[in-house]
Amino acid sequence: MKILGIGNALVDIMTLLESDDFLKQFNLQKGSMQLVDQDFSGDVLAGATDIKKELSSGGSAANTIHGLAHLGMNTGYIGKIGSDDFGEFFRKDMERVGIKPLLLEGIADTGRAIALVTPDSERTFATFLGAAIELNASDLIPEHFIGYDCMHVEGYLVQNRELITTAMKMAKEHGLLVSIDLASYNVVEQNVEFLTSLITQYVDIVFANEEEAKAFTGLEPLKALDSIAEMCDIAVVKLGKDGSAIKRGEEEHRVTAIRAESIDTTGAGDLYASGFLYGLMKGLPLMKCGDIGSVLSGKVIEVVGAKMTASQWDEALSIVEMIEKV
C-alpha cells in the first residue's frame, strides 16, 4: 500500500526555551501556530541565537509521512521548496528515509517553522511559509496520484482553498482514501464552514486533538467525536495523556496512551496519524490502529522534535509488531 502526503514543506527549527518570557518578548500566543513574515522569522532566530536548535524536514503532513516511511510503507510527498540550503536539506532528509519527494521549486526561500518549546513541553510555532505557500492547484498533475492508495493532508493547507480542494478532488478521482489532520485550533476557528464542506464532500478520515475538535464543532471531545463521525467515515479525537477516541459508524473505541516521559510534544499528533494510517492500510481493526498510533505518539514526545532516534524506532517497531500479532 502506498501513501501520499501533501503539505507545507517546512524546515522545523526546534528551540528549547527556559521560560515563557521569550514568547512574551515576541508577543507569541502560547500553544498557537502563528504565520509570520521573513523579517519576523529572522528576528526570532536572532533572539534565539544562543539557544540550542535542531533542524529536520517538517510540516505536519511531512512528519506523518516520515513516520509511515519508518514503518516500512511506500510513501511520497508533494510540496514546494526554495532554491537554497534549507530546500536541499528538506529534500535530502526525505530521501534518506525512502520517501519519494515530489518537490517543486518556488521563488521565495524555503519555509521554516520555528518551534519554541517551553519547559512544560508546550509548543508555540512562528511559521514563515516562504516557498511552501507558492504551491498551487495548477502544480498538481494526475501523475502525482497514480499508484497511491491514500492521501494525507495537513489542515494548514486551508490557506489556499483552491489547492486543498483540487488535491482532494484529484485524489478521489484516482480512487484514493483521503485523510486530514485539522491543524492548529486557531486555523480551524477561522475556517469552520469551509472545513465542514470539504470534509463532508471529500474526506474519509479526520484527525483532531481536543482543542481542534472543540474549535471545529463547539463541543467537548466525545461529543465532538460524534459530530465529526457524522461527516466522514472515521473520526479520531486525540486526548493527550488520556489517549484517543475513534468512531466509525456505530463502532467506537477508547485507546489508552502509553506511559511516557514527555520532553516535547512536537509531532505527537503527526506520529499518531502515522501509526493509525499504517494499521488502516494493513487492514487491522480500528482499536489496533489506535494502539499503534498511541505507541508512536508516546515515543516521539520523549525526544525534542518530531523525529525519533534509531534506537527509539527499533523499540517502537518491536511493539508495533507485537500489536499486529496479537
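**Close-up views of a predicted model**

**View 1. Lining of the second largest pocket.** In the second largest pocket, 13 residues form the lining, and those nearest its centre are Glu54, Leu55, Ser56, Val304 and Lys307. The model is predicted: local features need pLDDT of at least 70 and side-chain atom pairs pLDDT 80 or more, while totals for chains, interfaces and linings use all residues. Residues are numbered from 1 along each chain as its sequence is written, and side-chain values use heavy atoms, without hydrogens and water. A pocket is an open set of points on a 1 Å grid over the protein atoms alone, where a 1.4 Å probe fits, with protein on both sides within 12 Å along at least five of seven lines; lining residues have an atom within 4 Å of a point. The space in this pocket is about 150 Å³. Two or more lining residues come from each of β4 (53-58) and α4 (85-95); β4 gives the largest share, three residues.

**View 2. The five-strand sheet.** Five strands form an open sheet in the order β3-β8-β7-β2-β4, and their pairing is mixed. Strands (E, at least two residues) and helices (H or I, at least four) are DSSP runs numbered from the N terminus, and two strands pair if DSSP finds at least two bridges between them. Because β3 (33-35) and β4 each have a single partner strand, one side of each is left without a neighbour in the sheet. Strands β2 (residues 10-16) and β7 (residues 111-117) pair in the parallel sense over seven bridges, with Asp12 opposite Ala113 in β7.

**View 3. Helices across the five-strand sheet.** Helix α2 (residues 38-47) lies across β2, β4, β7 and β8 (123-128), at about 40° to β7. Helix α3 (residues 60-70) lies across β2 and β4, at about 85° to β4. Angles run from 0 to 180 degrees between N-to-C directions of axes fitted to C-alpha atoms, for helices over the stretch in contact; contact means heavy atoms within 4.5 Å.

**View 4. The largest nonpolar core.** This core has 58 residues, and Ile6, Met151, Ile164, Met168 and Ile199 have the most contacts inside it. Helix α5 (residues 161-173) gives the largest share, six residues. A nonpolar core joins buried Ala, Val, Leu, Ile, Met, Phe, Trp, Tyr and Cys residues through side-chain atoms within 4.5 Å; buried means under 20% relative accessible area (1.4 Å probe, protein chains only). Beyond its neighbours within four places in sequence, Met168 is in contact with residues including Val153, Val178 and Tyr202.

Definitions and conventions
Buried means under 20% relative accessible area, exposed over 50%, partly exposed in between (1.4 Å probe, protein chains only). Grid points are joined across faces, edges and corners, and a volume is the space filled by probe spheres set on the points.
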